[in-house]
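Me: I'd like to learn how to read a structure like this one. Could you walk me through a few features, one at a time?

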Amino acid sequence: MVDLIELIEEFEVLIASSETNHHKMLTFLKGVNRRLPKNVIPPMIEFITILKEENPSLFYELKDHIPKGMPLYDILRIDISYELAKERLTKRKERVRR
């Protein structure tokens, strides 16, 4: 188990790295629910929105490799603003630190 801050920081490293490919990102996203405590709602929509804005080529490569039956397929199609996604992640990190 990891805490939410560790997970968010791991995501930030992944999207910033030129070494990250769709397979690494898919592995990370598929493992989010298993790695967090059951009472923590994972910030999947925020992750996807930030990925789409900050690394669009990785986002579209990932999108091409996700089968329609996966729950992640539907999450990839949810749109919120980039600013809102960044704000939500920042607030969640602050809330957990307290």
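Reply: Happy to! Let's begin with an idea we will need: a polar contact is a pair of N or O atoms within 3.5 Å, where, within protein, one must be able to donate a hydrogen and the other to accept it. Keep in mind that this is a predicted model.

Me: Which side chain makes a polar contact with the side chain of H22?

Reply: That partner is E61, at 2.7 Å from side chain to side chain. H22 itself sits in helix α2, and beyond E61 it also touches L58, L62 and H65, leaving aside residues up to four places away in sequence.

Me: Is H22 buried or exposed?

Reply: Buried means under 20% relative accessible area. H22 has 18%, so it counts as buried.

Me: What should I look for in the largest nonpolar core?

Reply: Start with the residues that have the most contacts inside it: M25, F28, L29 and F47, in a core of 28 residues. Then see which elements build it: α1, α2, α3, α4, α5 and α6 each supply at least two residues, and α1 gives the most, with 6.

Note on methods:
Residues are numbered from 1 along each chain as its sequence is written. This is a predicted model: local features need pLDDT of at least 70, side-chain atom pairs count only at pLDDT 80 or more; totals for chains, interfaces and linings use all residues. Side-chain values use heavy atoms; hydrogens and water are left out. A nonpolar core is a set of buried Ala, Val, Leu, Ile, Met, Phe, Trp, Tyr and Cys residues joined through side-chain atoms within 4.5 Å. Buried means under 20% relative accessible area, exposed over 50%, partly exposed in between (1.4 Å probe, protein chains only). Helices (H or I, at least four residues) and strands (E, at least two) are DSSP runs, numbered from the N terminus. Contact means heavy atoms within 4.5 Å.
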